[in-house]
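The sequence and the coordinates are shown first, and the description follows.

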Amino acid sequence: MTSGGFSERIVRIRALVFKESLQIIRDPSSLAIAIILPILLLLIFGYGVSLDARQVPIAVVQDSRTPASEGFVAGLRHSPWFTPEFYPDIHTAVAALKRQDVEGILWLRENFGRSINSFRNHAVHVVVNGVDDNTARLVEGYLTNTWQTWILQRNLRGRQLSFQPVGLDVRLWFNPDSRSRDFLVPGLIAVIMTLIGALLTSMVIAREWERGTLESLFSTPVTIGEILISKFVPYFVLGMMGMGLSVIMGHYLFEVPLRGTMTTLLVTSALFLTTALGMGLVISTVSKNQFVAGQIAIVFTFLPAFILSGFIFDIHSMPLFIRVITHIIPASYFVTILQSVFLAGDIPGVIIPNSVALFFFSAFLFIVLVKISKKRIM
Amino acid sequence: MKYLLIRILRLAQKEFLALLRDKKSRMVLIVPPLVQLIVFSYAATFDLNHISYAVWNEDSGEYSRQLLARFSGSTNFQLLRSVDSEKEVKALIDNRKVLLVVHLRSTFSRDLLRGTPGTVEAIVDGRQSNTAMILMGYVQTIVQGYNDEFASLHGVTPPIAPIELRAWYNPNLKSRWFIVPGIVGLLTLVVSLLVTALSVAREREDGTFDQLLVTPLAPIEIILGKIIPGFVIGFAESTAIVLVATLLFHVPLRGTLLALYLGIFLFTLSGLGVGLMISSLVSTQQQGLLGAFLFLVPAIILSGFATPIANMPQLIQDLTLLNPLRYFLVILREVFLQGAGVFLLLPEYGALAGIGLLSLILAGHFFRKRIG
């Protein structure tokens with residue numbers, strides 16, 4: 001293979017980039033991936049994904065109506081978390097829970113009025129449907145909260161009911177209202193970028209292998225490096241457009257605060273996009289066949305980015321060997337970066353190590369890419 | 001009739017070979033779903049363990065030591081280090097070294113001795129709001145436990161926790177029981193899409209699809225030939241996945257196998273149907289891959305797999321009625337955890353059968369339309 005001077009190189013790369021761009025414009029599916037996919041996914045995700053339960057339907061059973069129990073139930077009615085539905089006795093409420101008409105049962109026992117004064121018996125029984133453990137725990141938390149508010153108000157009115165020796169004062173940094181959307185949207189952007197990167201490039205080299213056009217290219221003075229650059233540049237531009245769209249939508253439509261700087265966001269996104277496109281190109285080169293490349297892209301990009309990146313499931317909760325595995329998922333570094341840039345700001349201790357990791361990933365992928373491409377020609 | 005059967009079986013055999021002949025394709029279909037089941041099942045949990053935390057104790061009294069001993073004794077928490085200034089707290093939380101800092105002011109023990117309430121301050125990293133909420137629950141439990149001990153030591157009858165909670169079907173509220181059946185659905189969907197989504201598009205690109213259409217095979221026969229291998233692979237993998245879920249992760253399987261397999265059958269049917277429909281609509285494999293993702297990603301997100309459908313806005317809740325995975329997750333969770341039988345799940349079976357048949361009819365329709 002010959003390569004020639006620097007200026008010839010530039011000319012060749014420019015010509016190849018031009019060819020690749022024409023191909024993108026002619027097949028609308030690439031443009032669709034970069035522009036329509038992020039808009040659609042962010043809309044669906046942004047509105048659809050929420051871990052905050054609101055207006056949970058809950059069955060309320062009062063064994064006897066006393067002023068105390070009525071007061072407590074009234075507090076429930078004003079809570080944004082619950083929609084109380086009243087059932088005459090526990091049996092009908094149990095039937096409703098089994099039908100899944102309600103998420104839980106709040107049962108104020110006969111002795112409600114007395115036992116809140118003496119604290120000798122459980123005054124309130126709560127039954128929840130435990131299948132969805134997260135919602136069940138939220139219902140429990142919300143109910144305890146409603147209960148404590150009610151006790152506090154009674155105490156303020158001069159009727160000391162309970163003495164808590166130690167009180168708890170929680171300060172939630174970065175997201176004081178604990179809006180789950182604020183932490184999900186930055187993660188979503190990382191998942192979407194993984195998808196875009198892999199979708200855009202996983203097919204492009206495999207397609208040329210299948211059609212035999214790559215072999216024709218090899219017989220020209222073009223080098224492998226130049227071919228890879230020309231495959232990379234147009235998709236990088238497309239991907240950054242998708243990224244820009246996602247950030248604009250996240251910040252303006254979903255009102256996620258953006259506390260870091262644009263520069264950090266740009267630099268880290270460019271690093272991550274390079275990694276994601278690199279993964280797609282490696283898949284494409286290894287499989288040499290669009291069918292297999294497509295299958296690999298589905299299996300190895302989206303699902304790991306969805307489950308192992310810390311986007312929904314916190315990496316802290318995972319057992320050690322899974323945490324080790326998350327280190328080979330590039331999306332996990334980008335999720336960490338984005339959550340900090342959006343919610344906390346440019347924190348060097350978070351941004352720098354994770355960016356360095358992304359840099360090494362992309363360098364590694366491109367070295368591998370050049371190695372295997374060379375081998376493939378022989 | 002006999003010839004018809006032979007023709008379909010021949011075509012199915014050819015599809016099987018096309019799928020499994022390529023070594024890479026064979027690997028992709030078989031190994032990753034099983035590996036992912038195991039990895040994801042361990043990964044996908046909302047329970048927290050070994051949360052690293054720091055202590056900022058300005059109090060030298062005995063009570064603060066007692067309370068902090070309860071944190072260090074809990075398996076949920078792991079002490080990273082002690083700090084003694086606000087600046088250090090900020091550095092630890094900003095850089096994600098700890099999720100929680102327990103802060104006790106210098107007056108803590110004195111207040112308690114005087115008989116006034118002492119205050120514990122919990123500083124929590126809210127970047128992952130769900131983790132923060134769960135973490136707060138754990139801290140609350142520890143403080144509550146200390147309050148009870150304190151009260152009984154000082155001759156006060158400890159107040160009984162006013163609320164008694166019982167969780168049905170999943171008494172210890174284990175995330176894994178909720179998530180693992182969901183992963184069974186997720187992977188079954190991925191496998192059935194992998195088998196079909198690119199298959200017609202590939203034949204279109206190679207030109208072999210036109211040849212297939214000029215044979216005496218009717219579209220319905222072509223469809224059957226294309227989905228039979230999917231059924232075989234889907235069934236084999238679902239069985240393996242269910243075995244792993246019950247034997248390795250000890251998720252109880254309380255319902256009947258009949259109810260489970262009827263669900264798997266109808267869900268595989270609808271997954272294959274949607275895949276084939278996508279494939280028959282597009283003209284290149286790249287478009288096929290895009291179509292597969294455009295279906296797969298929303299189908300997973302809007303299925304109730306990780307976030308409840310009840311939390312979604314009404315419009316999106318209505319949209320999920322078109323999502324086969326939504327129905328399959330109901331079937332899986334009811335059969336695994338709630339011990340449901342066939343009769344109770346009839347509406348879900350009906351919906352899956354409807355989606356499956358409709359998408360197959362549409363696929364057959366688009367086959368023919370493309371030639372004209």
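Of the 378 residues of chain A in this predicted model, 48% count as buried. The secondary structure of chain A consists of 15 helices and 5 strands. Among the contacts in chain A with a separation of 6 or more, 79% join residues 24 or more positions apart.

A:Val60 belongs to strand S1 of chain A, which covers residues 56-62. Is A:Val60 buried or exposed? A:Val60 counts as buried because it has 21 C-beta neighbours inside 10 Å, and the cut-off for a buried residue is 20 or more. Apart from neighbours within four places in sequence, the contacts of A:Val60 are A:Val73, A:Pro84, A:Glu85, A:Phe86 and A:Leu106. A:Gly294, by contrast, is 234 residues from A:Val60 along the chain, and their C-alpha atoms are separated by 52 Å.

The two chains meet at an interface in which 92 residues of chain A are in contact with 93 residues of chain B. On the side of chain A that touches chain B, helix H12 (residues 290-307) of chain A gives the most, with 12 residues. By class, that side of chain A has 52 nonpolar, 27 polar and 13 charged residues.

In soluble globular proteins, nonpolar side chains tend to be buried together. The largest nonpolar core in this model has 162 residues, and A:Leu199 and B:Ala43 are those with the most contacts inside it. B:Ala43 touches A:Ile307, A:Leu308, A:Phe313, A:Met318 and A:Ile322, when residues up to four places away in sequence are not counted. A second, separate core has 32 residues, including B:Leu92, B:Ile93, B:Leu99 and B:Tyr146.

Within chain B, helix H8 (residues 199-206) packs with helix H12 (residues 285-301) at an angle of about 170 degrees, and their axes are 8 Å apart. H8(B) is therefore roughly antiparallel to H12(B), since angles over 145 degrees count as such. B:Ala201, B:Arg202 and B:Glu205 of H8(B) make the contact with B:Gln285, B:Gln287 and B:Gly288 of H12(B). The residues of this contact divide into 1 nonpolar, 3 polar and 2 charged.

Most residues other than glycine have a negative phi. B:Arg96, although not a glycine, has a positive phi of about 60 degrees. B:Arg96 is placed in the loop between helix H4 (86-94) and strand S3 (100-104) of chain B. B:His250 is not a glycine either, and has a positive phi of about 55 degrees. The loop that holds B:His250 runs between helix H10 (219-247) and helix H11 (257-281) of chain B. Which of these residues is buried, and which is exposed? B:Arg96 is buried, because 20 other C-beta atoms lie within 10 Å. B:His250 is exposed, because 11 other C-beta atoms lie within 10 Å, and the cut-off for an exposed residue is 12 or fewer.

Methods: Residues are numbered from 1 along each chain as its sequence is written. Chains are lettered from A and ligands numbered from 1 in the order in which they are written. This is a predicted model: local features need pLDDT of at least 70, side-chain atom pairs count only at pLDDT 80 or more; totals for chains, interfaces and linings use all residues. Two residues are in contact if their C-beta atoms, placed from the backbone, lie within 7 Å. Helices (H or I, at least four residues) and strands (E, at least two) are DSSP runs, numbered from the N terminus. Ala, Val, Leu, Ile, Met, Phe, Trp, Tyr, Cys and Pro count as nonpolar, Asp, Glu, Lys and Arg as charged, and the others, Gly among them, as polar. Axes are lines fitted to C-alpha atoms, for helices over the stretch in contact, and angles run from 0 to 180 degrees between N-to-C directions. Angles under 35 degrees count as roughly parallel, over 145 as roughly antiparallel, 65 to 115 as roughly perpendicular and the rest as oblique. A nonpolar core is a set of buried Ala, Val, Leu, Ile, Met, Phe, Trp, Tyr and Cys residues joined through C-beta atoms within 7 Å.
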